[in-house]
Amino acid sequence: MPRMNNKFPANFGKPQNTKKAIARLFKYLKVFMPLIIISTILIIANTVFRIIGPNQLAKLTTILEKSVPQFSNGILVSPGTPFEISRVWEIAGILIVLYAFGAVFSYIANVMIAKVCFKASQKLRTDISNKINNLPLKKLDRTPHGDILSTVINDVDLVGQTLHHSVSTLVGSIVLFFGSLFMMFITNWLMALAAICTTLLGFSVMLIIIKNSQKYFIRQQRQLGELNGVIEESYSGQTVIKTYNAKEEFKEKFEKLNEQLYVSGWKSQFISGTMNPVMNFVGNLSYVVVCIIGSILFIKGEIGFGVITAFMIYVRLFTNPLNQISQAMTSIQSAAAASERIFDFLDEDELEDESHKNVNIPEIKGNVDIENVKFGYLKDKEIIHNFSAKIKAGQKVAIVGPTGAGKTTIVNLLMRFYDANDGDIKIDGISIYDMKRSQVRDIFAMVLQDTWLFEGTIRENLIYNKENVTTEMLDEACKACGLDHFIKTLPNGYDTVLSDETSVSVGQKQLLTIARAMIQNAPMLILDEATSNVDTRTEETIQIAMDKLTENRTSFVIAHRLSTIKNADKILVLKDGDVIESGNHKELIKKNGFYAELYNSQFSLEGSAVIE
């Protein structure tokens, strides 16, 4: 595998089109349209009930006002109308019913919206997971894994939580805003105009704030992904950091990114956070204006006290949505930035669709023809130059050469982790490019120099994706690898859970991956530095097991320890992407060429070469 490039691609996570990302986000909600429609209707109904309430309170206030005697300069002007207790109870009953139904509707709507939003989050994660499985390996090699994790976890969580908390608030606030505006005009148009004029100021400021803060929300999400990438890399490489005393270097890098994230987060929250105080000021200003105009109209006798009471409530209903909308817009800005990153990832080019490929090899013999293969991880930098080789069924083929010669690249091409730029690779006369990638990989069992074990039982790790594996098969593989004693020392044997608390050495992990390959029992085998992490004695045990494993099975072995491939049927010597020598061990030693030089350099003692 090529080493991961720690530099981010130039366009990765950068903003492209916020409006487009939000539009695509709402497409994910289409499947839940019935729930969305019902919850929207319930939210509207609850809001309408809230709007009707002040009108009923105005009627109640008017009844109470009329029942109170009116005096002027100590002289009774009006004795007041008889107190209509039945009418009071009627209005009170209407208010109780309205607010009770509103509460029930609000609860049901929130439950529905929560289901919609978190189902959408679940679908986003599923799509990202499927996308990862369909991405070319070069994309995953060049993107820090921590950044991908940040997209899957942080960005999707942010989108789900924002939808949950902001959508219902936004819908209800918009309905409440226009509904209260309508009722204000019905109640008194002059006071309504006064309230609107003061509110326009708040709207103008809010739009300016949104425009200026969006770039910081986008930058914040991108830098969060970068920081996660550095953290993931540092945690997985703690041993190296400590060994080379690179704590200060990592600390400096972390603090730099952390400071950038802090600045972006602080600026985004500071700028967007000014919306709430501004809207509070506008709301209070509306109160003052309405009180002044209402008092003048009341003194003139043009309105009653009930109108002022209702209007004060309507002003609050009118300005409250502005506060809620401003808060929702702050959250939606973060969600917009997160959704951009999500859809940028989902829009990455995928592997070629192979559903139309039906070519299969009914019985694998193991003949491999590599014909004039050319390849480079970068278009302008070719690593493999016109590589050709013919391997007969059952042969053990060793690929050797100095670091960077292209040994692991050949394995990548055989497994179709990467596709050749030119040339062809055939198994039993059938091109691997005419087969599905999954079919090609089913042909090979593979052991890499980098061990990979997941948190689970040893049994689960050994039978990974393999069905009908018996305990006897496990015992046989573990004995062949010299793992049987280690398994017996574990508290629960094969059912021991591998975790950070389980003491397993690097060599034992390597043995477990080798045993996994044995259990896989694929017709062909790839061993990429399979014994690089074990001691010499264990290596001898593994070598015996490998000899048994490679019997009557075409196998490709990459090894720096040339002593381990002396019994190979064919040795391909690579240098600078070309096969410069080919033959078995004895033939290549007799040539006294590049292979002999490599071999002797490993076994020289005090300057004297050992020729076998």
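Before the strands, I note that two of them pair if DSSP finds at least two bridges between them, and that helices (H or I, at least four residues) and strands (E, at least two) are DSSP runs, numbered from the N terminus. The model is predicted, and for that reason I keep to its cut-offs: local features need pLDDT of at least 70, side-chain atom pairs count only at pLDDT 80 or more, and totals for chains, interfaces and linings use all residues. Residues are numbered from 1 along each chain as its sequence is written, and side-chain values use heavy atoms, with hydrogens and water left out.

**Entry 1, strand β13.** I looked up the partners of β13 and found β5 (residues 396-400) paired with β13 in the parallel sense over four bridges, with Val573 of β13 as the bridge partner of Val400. On β14 (residues 578-583) the pairing with β13 is antiparallel, over five bridges, and there Val579 is the bridge partner of Leu574. The β13 and β14 strands form a hairpin with two residues between them, and Asp576 in the turn has a positive phi of about 55°. Five of the six residues of β13 (residues 570-575) are buried, so the strand is largely enclosed by the rest of the structure; buried means under 20% relative accessible area, with a 1.4 Å probe and protein chains only.

**Entry 2, the open sheet.** I then traced four strands that form an open sheet in the order β4-β3-β6-β7, with antiparallel pairing. Because β4 (384-391) and β7 (430-431) stand at the edges with a single partner strand each, one side of each is left without a neighbour in the sheet. Between β3 (residues 368-375) and β6 (residues 422-427) I counted five antiparallel bridges, and Ile425 in β6 is the bridge partner of Ile370.

I took a core as a set of buried Ala, Val, Leu, Ile, Met, Phe, Trp, Tyr and Cys residues joined through side-chain atoms within 4.5 Å. The largest has 44 residues, and those with the most contacts inside it include Ile458, Leu462 and Tyr595; its largest share, seven residues, comes from helix α16 (residues 506-520). A second, separate core of 34 residues includes Val373, Tyr377, Ile391 and Ile526.

Leaving aside neighbours within four places in sequence, Ile458 is in contact with residues including Phe486, Leu490, Tyr494 and Leu512, where contact means heavy atoms within 4.5 Å.

Notes: Buried < 20%, exposed > 50% of the residue type's maximum accessible area, 1.4 Å probe, protein only.
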